[in-house]
Amino acid sequence: MTGFNFGMMMSQENQIKQIPVDMLVPYHNHQFTLYEGERMDDMIESIRQNGVLTPIVVRPTKENTYEILIGHNRWNCAKLAGLETIPGIIKENLSDEEAEVYVIESNLIQRGFNDLKISERAKVLALRYEDMFSQGKRNDIINELMALENSSSDTKEESHNSREQVAKEYGLSRNTVARLLRIDKLCEELKRWVDDGLISIRAGVELSYLSKENQEKVFKMSSADTDGNMRFSISESQAKELRTLYNNDSIQTTEIPKVLGENSEKKKNPPGKSVKLSKEVYKKYFDSLEKDEVSEIVEKALEMYFKQMYGI
């Protein structure tokens, strides 16, 4: 593997320049959420007081602008702070695959895998699994990003061409990796419903087997308005039924609300007591798991607790 060369990064091609903020455009396939609320306010105030300390990374476009690869939040907050220029490293002659590496890896370094939305995690895993770039090139880029973030790099030689290896890298089960890889195949509208918890991961998996055209039909028929609010909930069993109907080429547009509406009229479960976990606790222990997996873990933990405490 070729080691990272900081001097090469700072060559004439990659030197830091002050770039006008109005010449910068977001990455064309940027799928990561920008900072909001207090986190955004803190960054704006820091930029007002100290400027942008870490340069963003960009590549030139045919429209004489610069596409942001790393630093969307710094760019956004710099604009809000009133800055006219922002320091940036211009990367020339990058392939689309290499540009994607910069975008994905920088978000992982800055935020961590568990802080990403479900669809964002799915995107990361899909890129790993498909192995769209060489391992040596990926390691060089990661080392460069670590240097930009003033972090130490302990990159390991790994191959990411199997589900087991991807699962090991992210501390996930093979089944979770398999489901997330399917989520990445959903249309953007259905991904958003998964991110918002309106569709379960398992239901999303079933819908992912539909063509993009049919996924969009399901979305439109399930939407209550042009903003994409849900008209019908979509359970895993309903998603399975839609998958079966589409695969048999037997579904008509009028059947979609029928499939979704019938199950929505079924008798609801009797109300029971519920206990809510804080967001911090849920994120710490259960963020990458599905509801049935969380329920199973909680049940086993309670059994162990009461057996130890009360012998029951």
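**View 1. How much of the protein is buried.** Buried residues, meaning those under 20% relative accessible area (1.4 Å probe, protein chains only), make up 41% of the 312 residues in the protein. This is a predicted model, in which local features need pLDDT of at least 70 and side-chain atom pairs count only at pLDDT 80 or more, while totals for chains, interfaces and linings use all residues. Residues are numbered from 1 along each chain as its sequence is written, and side-chain values use heavy atoms, with hydrogens and water left out. You'll find 15 helices and 5 strands here, taken as DSSP runs numbered from the N terminus (helices H or I, at least four residues; strands E, at least two).

**View 2. The nonpolar cores.** A nonpolar core is a set of buried Ala, Val, Leu, Ile, Met, Phe, Trp, Tyr and Cys residues joined through side-chain atoms within 4.5 Å. The largest one has 48 residues, and Leu 69, Leu 125 and Leu 207 have the most contacts inside it. Apart from it sits another core, of 17 residues, which includes Met 40, Ile 44, Val 58 and Ala 78. In soluble globular proteins, nonpolar side chains tend to be buried together.

**View 3. H2 against H3.** Helix H2 (residues 37–50) packs on helix H3 (residues 72–80) at about 65 degrees, with axes 9 Å apart. Axes are lines fitted to C-alpha atoms, for helices over the stretch in contact, and angles run from 0 to 180 degrees between N-to-C directions. H2 and H3 are therefore roughly perpendicular (65 to 115 degrees). On the H2 side, Met 40, Met 43, Ile 44, Ile 47 and Arg 48 meet H3 residues, among them Asn 73, Cys 77 and Leu 80; contact means heavy atoms within 4.5 Å.

**View 4. H10 alongside H12.** The axes of helix H10 (residues 201–208) and helix H12 (residues 236–247) come within 8 Å and cross at roughly 5 degrees. That makes the pair roughly parallel, a label for angles under 35 degrees. Arg 202, Ala 203, Glu 206 and Leu 207 in H10 meet Glu 236, Ala 239, Lys 240, Leu 242 and Arg 243 in H12. Leu 207 also touches Leu 186, Leu 190 and Ile 199, among others.

**View 5. Around Glu 213.** Look for Glu 213 in helix H11 (residues 212–222). Glu 213 is exposed, with a relative accessible area of 55%, and exposed means over 50%. Its C-alpha atom is separated by 8.8 Å from that of Cys 187, 26 residues apart along the chain.

Note on methods. Angles under 35 degrees count as roughly parallel, over 145 as roughly antiparallel, 65 to 115 as roughly perpendicular and the rest as oblique. Lists of a residue's contacts leave out its neighbours within four places in sequence.
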